[in-house]
Amino acid sequence: MNRMFDYTPEQFELQKKVRTFVKKYIDPIARDVDANGELPMSVLKAWKEEGLACLVAPKEVGGPELDTVTCAMILEELGYADLGTATALGANNLCSYTVLLAGNPEQKKKHFGPLLEGNYGAFALTEPNAGSDAGAVSTTARREGNEYVLNGTKCFITQGGVAATYIVFASTDKCKGAKGLSAFIVERDRPGLSAGKVEDKMGIRASNTVELILENVRIPASHLLGNEGDGMKLAMMSLDSGRLMVAAQAVGVAQRALDECVEYVKGRVDNGKPLSAQQSAAFKLADMATAVEAGRQLVYRGAVLKDAHQPYSKHSAMTKLFCTDMAMQVARDAMEIMGSYGYTKDAYIEKVWRDARILSIYEGTNQVQRVVIAGALLKGTGH
Ligand SMILES: Cc1cc2nc3c(=O)[nH]c(=O)nc-3n(C[C@H](O)[C@H](O)[C@H](O)COP(=O)(O)OP(=O)(O)OC[C@H]3O[C@@H](n4cnc5c(N)ncnc54)[C@H](O)[C@@H]3O)c2cc1C
């Protein structure tokens, strides 16, 4: 796989380590997990042994505190191998951004402790009536003395059925709408918290996606992240970070589709010559490779902006919009070139195509990315 970004020698070393991990733990089971069930916990445990259980966990709590460029590189590798696994292992980053933004030292220990021990965490924002319109969250958090009492139902929560800790967004003041949302750390063993329906998905089947039910879940008031009313802002800022990682995975997926297709056309003989000798296929491959590379540059540009503490919200939305649509298009083109074989379960592209479909939906649909981009343009801030 070509790499067109100036990684440091340490990043190249880490890339090698991730590739070795993928060969040992992910490649051998990816198809079986896709067909028969979710990622075994042993993969997360092995990931933990590599020191990668939570890429963004800060050094102050014993984490690797990897920068955004390095995280993107790792998620691109995981996306290349299996997007479901990337989504599952990536959940520990998604649920951590809110804590990095607003957590005090005690909250950081509480949140990152279980993740660094080799458990999953989950980010619980979406509800049956609050998807794109996150401000419509109806889960409530009622203050009672030194506690909050949480009630409501979340849905489509990645790793929600297997997580040890959750970041839950709930309303502390219904009258204020989106401005009344707040973010909380909630541990799995709190009475009243349970997982409901497990989604039977068309792709990314290695990841666990569930309904999360909160019935009179009592948590200490000290589990509030930031202040009451900060929830919406924290959720959106967390998703700015998450979207860059979704885009990085999309680039990995697209590169995999391209590589699968290149290998196929070299071997397939059609009308007495290899498919690769046909200009229609070769030109299509050239366009696919160009699109993948354009996406990659958007991802790493966004990562550099974030690491340099520059505004990157609009760039992140543009990157997710471009890369996720690009991944789907490249997967589609690869399947087209590979003909009927590409449509069968014998071809990895069939799984790649099913997996890629989620990319433009989760962490904000691509219509929502357009809302963010247009909003930034029209506000006149430029970012
Ligand atoms: C596999 C999977 C994993 C997920 N993981 C998580 C998770 O870990 N945590 C979490 O909180 N959520 C998660 N989600 C939820 C996901 O982020 C939401 O489903 C997504 O944001 C879209 O919300 P919705 O499904 O309610 O779609 P809707 O909001 O109902 O949107 C339906 C359609 O209307 C369009 N639309 C809606 N509003 C607008 C608008 N203002 N302008 C233009 N078009 C609009 C949308 O683009 C979409 O095409 C996950 C979902 C899936 C499928």
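Reply: UniProt positions follow the numbering used here, feature names are shortened, and annotations may be inferred rather than shown by experiment. An unreviewed UniProt entry lists "domain: Acyl-CoA oxidase/dehydrogenase middle" at residues 122-217. The model is predicted: local features need pLDDT of at least 70 and side-chain atom pairs 80 or more, while totals for chains, interfaces and linings use all residues. Numbering runs from 1 along each chain as its sequence is written, and side-chain values use heavy atoms, without hydrogens or water.

Residues 122-217 are 53% strand and 0% helix. Their end C-alpha atoms sit 16 Å apart. Helices (H or I, at least four residues) and strands (E, at least two) are DSSP runs, numbered from the N terminus.

Focus on Lys154. This lysine belongs to strand 3, residues 147-158. Lys154 counts as buried because its relative accessibility is 0%. (Buried is under 20%, exposed over 50%, partly exposed in between; 1.4 Å probe, protein chains only.) What does its side chain reach? The Lys154 side chain makes a polar contact with the side chain of Glu127 at 2.9 Å. The Lys154 side chain also reaches the backbone oxygen of Phe169, at 2.6 Å.

(Contact: heavy atoms within 4.5 Å.)

A polar backbone atom of Leu125 lies 2.9 Å from a ligand oxygen atom. Thr126 is one of the closest residues around the ligand, along with Phe123, Ser132, Phe156 and Thr365. In total, 19 residues surround the ligand. (A heavy atom within 4 Å qualifies.) Phe123 places a backbone N or O atom 2.7 Å from a ligand nitrogen. Glu363 has a polar backbone atom 3.4 Å from a ligand oxygen.

Now the two flanking annotations. The unreviewed entry gives "domain: Acyl-CoA dehydrogenase/oxidase N-terminal" to residues 8-118. That span is 70% helix and 0% strand, with end C-alpha atoms 27 Å apart.

Arg354 sits in helix 11, residues 348-356. Its relative accessible area is 11%, so Arg354 is buried. The Arg354 side chain reaches the backbone oxygen of Met202 at 2.8 Å. Arg354 also touches Asp34, Gly203, Arg205 and Lys345, again not counting residues up to four places away.

For distance, take Glu13 in helix 1, residues 9-26. Glu13 is partly exposed because its relative accessibility is 46%. From Glu13 to Ala183 the gap is 170 residues in sequence and 37 Å in space, C-alpha to C-alpha.

Key. A polar contact is a pair of N or O atoms within 3.5 Å; within protein, one must be able to donate a hydrogen and the other to accept it, and residues adjacent in sequence count only if both atoms are side-chain atoms.
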